[in-house]
Amino acid sequence: MLNALLIDVDTPAVNFLNKVITQDCNGMQVHGISRSILDAKKTIIQDTPDVVFLPTKMPRMSGYDFMDQYRNLGFKTVLLADNDKEIKKAIRASAFDYLTKPLEYDEIIGVVKRLEVDKRCQCTVSLKIKLPGRYSTYYIKAADILFFK
């Protein structure tokens, strides 16, 4: 099961997102709701979620800056965008996916399904390749190989 952290100052949006995930998404549970970046940081440090839903614009820090700061913790990010310009930035920032405001039920369900598929794929593709070296043997994850000649 995926654990999600929801971040947004827009109370109706985060409440709707929480309701959809809680009631209609069996493969995901809401791990926490944060109304500010500071609260979110505390939650992430205590227990890293699998996915973070956050807006592109927040007081003190943008969603893009947040992604850059916590990229190494390994959670997926779904950005909540207000317009097309922000969607392009979300794609360039390597967000897993995005949702547009006002949030729509079908879009939320679609994003959650893609997250579930991604998690299943990561679990089943843990293939390692054995490479003999001169003095030892190396094991490399197949997913880490970019080019082989």
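Hi everyone. A word on the model: it is predicted, so local features need pLDDT of at least 70 and side-chain atom pairs count only at pLDDT 80 or more, while totals for chains, interfaces and linings use all residues. Residues are numbered from 1 along each chain as its sequence is written, and side-chain values use heavy atoms, with hydrogens and water left out.

Let's start with the whole protein. There are five helices and seven strands, where helices (H or I, at least four residues) and strands (E, at least two) are DSSP runs numbered from the N terminus. From that end, the order reads β-α-β-α-β-α-β-α-β-α-β-β. The C-alpha trace spans about 60 × 35 × 30 Å along its principal axes. Of the 149 residues, 37% count as buried; buried means under 20% relative accessible area, exposed means over 50%, and partly exposed is in between, with a 1.4 Å probe and protein chains only.

Now to helix H4, residues 84–92. Which of its residues are buried? They are Glu 86, Ile 87 and Ala 90. Seen down the helix axis, they fall within an arc of 105 degrees, so they line one face of H4; that arc is taken from the directions from the axis to the C-beta atoms. On the other side, Asp 84, Lys 85, Lys 88, Ile 91 and Arg 92 are exposed.

What do the buried residues pack against? Their partners are helix H3 (63–70), strand E4 (76–81) and strand E5 (97–100). Take Ile 87: it counts as buried because its relative accessibility is 11%. Leaving aside residues up to four places away in sequence, Ile 87 touches Ala 81, Tyr 98 and Thr 100, a contact being heavy atoms within 4.5 Å.

Both ends of H4 deserve a look. At the start, a side-chain oxygen of Asn 83 comes to within 3.1 Å of the backbone nitrogen of Lys 85. Just after the helix, Ser 94 has a positive phi of about 70 degrees.

Last stop, the surface. Ile 129, Leu 131, Tyr 138, Ile 145 and Phe 148 make a nonpolar patch of about 480 Å². Patches are made of residues with over 30% relative accessible area and no salt bridge; like charges are joined within 9 Å and nonpolar side chains (Val, Leu, Ile, Met, Phe, Trp, Tyr) within 5 Å. A salt bridge here is a side-chain nitrogen of Lys or Arg within 4 Å of a carboxyl oxygen of Asp or Glu. Ile 145 sits in the segment after strand E7 (137–141) and, at 31% relative accessibility, counts as partly exposed.

Notes
Accessible areas come from the Shrake-Rupley method with a 1.4 Å probe; for residues, only the protein chains shown count as cover. A polar contact is a pair of N or O atoms within 3.5 Å; within protein, one must be able to donate a hydrogen and the other to accept it, and residues adjacent in sequence count only if both atoms are side-chain atoms.
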